[in-house]
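Please have a look at the model first.

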Amino acid sequence: MSSARTARTVVAAALAAGLTVTALAAPALAAGPAAPAKKDHTATQAALRAAVDAGVPGAVAQARVDGRAWTGTAGERGGDDRFRVGSITKTFTATVLLQLQAEGRIDLDDPVEKWLPGLVRGNGHDGRKITVRQLLNHTSGVYSYTEDPGFQQKVFGPGFLEHRYDTWKPRDLVAVATSHAPAFAPGTSWSYSNTNFVLAGLVIEEVTGRPYAKAVENRIIKPLKLRATSVPGARVNVPKPSSRAYSTLTADASAPVHDVTELNPSLAHAAGEMISDSADLQTFYRALIKGRLLPKAEMRELTTTVPVSPQYPDFRYGLGISWQKLGCGTEIWGHGGGIHGSNSEAYTTRDGRHTLAANINADWTGDTQAVIDAEFCGTLPKP
C-alpha cells in the first residue's frame, strides 16, 4: 500500500491514489549520486535524527558489517522494538513458494487457475492466463485491491478509525480487485499489486492444506529462530517491546495525527501483515541471500529480475525481492514495506556481509531511503 507522498518509490504511479504514505508500500528508490561507503554508521545515525527532526516520533536502525553489529535510535524508540513490516512480508511468502517448488509440490509456471479455480475471474481477469511466477514478480496485471477508492477510504482514510478492527477474508480482498479491469495483459508489463501476494498466500494454503502463516512459521521463523517475528492473522496488538505507530490518515501532512498502533492486519494478509524487529529481518535476508533457505536452482529464480520502468534502470524486481544499485555503486537486495504508522526497510549486499533493517513509526513524513543511502554509501542526509 502507499500514498501520494511516495513519488520516490518505484510504485508511486501504480499506488499514488493511496491515502497513507507507507501502506503496504514497495521498496524505496535511491535518490541520486552518493558518497563512497564509510566504515562507521555516523551517517545512518544522522539520517535517523533527520527523520525525527522532520516530525517522526521515533526511528530505529540496526546494521551488521562482517559480523559486527550496530544499533541506532532517535526519538521515542528502543533498539529492540518490534514493528509491523508491511510488504517485507512478500519476501517470506515468495520464499515459501520457492521451497514448495524445490520439493516438487508446485511449479511456479503453473496457472493460478490450477490452484485457485474460478477465483481470478471478472472484468478481464483470467487466472488461466496468469502464472504463479507472474504473481511473485508483479507481471500478472492483476489490479491491486489497495487502489480501490472505497477500500482506501474505509481502510486508510478517516474510515479507519471506525473499521480498524474489521476482519478481511483474503478472497474478499481478491473480489475487490476483480471488480476492476486488470492493469495490463499478463506478462506484458510490470505493476506493483498487493493482490498478487494475497493470491500467493492462498496458493500456499491450497498446496499445503494449512494456513499460509503456518508454512511461514514452520519453514522460516522457527528454523532461523526469529523470536521477534510473527504472522498475526487477526490479532490487533504489536507484542512488546514496541513503540506506538502514528498516522494522519490522509495525504495532508498537516492533518491531525492519530495513534494507529492497534489494527486488524487481515487487511494485508500475505502481502503485508507480518511483525518483526531489525535483528530478525537482518537474519532472514542474510540467510536467504546466502542460500540457507533455498537450493541453488530456486536461488537463481528468486534473483532473476524484471525491469519495473525505463525511468528506473537501477531498480529491478525478482520474486518477492528487489534489487537496486545505489548512487555510490553498491548493489543491495531486499524489500521495503509500510502499513499504517510504520515504514520499514530491510536490505543486504549479495554476499550477506553488510545488512540493514530500519523502521520509522510514522507514515506522513520521514525519509527511509536516506537511511539506506547513509548506511550503504555513507551519504549524510540533506539539511
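This is a predicted model: local features need pLDDT of at least 70, side-chain atom pairs count only at pLDDT 80 or more; totals for chains, interfaces and linings use all residues.

Residues are numbered from 1 along each chain as its sequence is written, and side-chain values use heavy atoms, with hydrogens and water left out.

**Nonpolar cores**
- A nonpolar core is a set of buried Ala, Val, Leu, Ile, Met, Phe, Trp, Tyr and Cys residues joined through side-chain atoms within 4.5 Å; buried means under 20% relative accessible area, exposed over 50% and partly exposed in between, with a 1.4 Å probe and protein chains only.
- The largest nonpolar core has 82 residues, of which Phe92, Leu97 and Phe284 touch the most other members.
- Helix 9 (residues 194-208) gives the most to this core, with eight residues; helices are DSSP runs of H or I with at least four residues, strands are runs of E with at least two, and both are numbered from the N terminus.
- A second, separate core holds 25 residues, including Ala43, Val52, Ala63 and Leu326.

**Aromatic rings**
- Rings of Phe, Tyr and Trp (its six-membered ring) pair if their centres lie within 6.5 Å; planes under 30 degrees apart are stacked, over 60 edge-to-face and the rest tilted.
- The count by this rule is seven aromatic pairs.
- One of them, Phe151 with Phe156, is edge-to-face, at 5.9 Å centre to centre and 75 degrees between the planes.
- Phe151 is buried at 2% relative accessible area, and Phe156 is buried at 1%.
- Tyr145, Phe151, Phe156 and Trp168 form one aromatic cluster.

**A loop residue**
- Thr303 lies in the loop between helix 12 (296-302) and strand 9 (306-307), and is buried at 18% relative accessible area.
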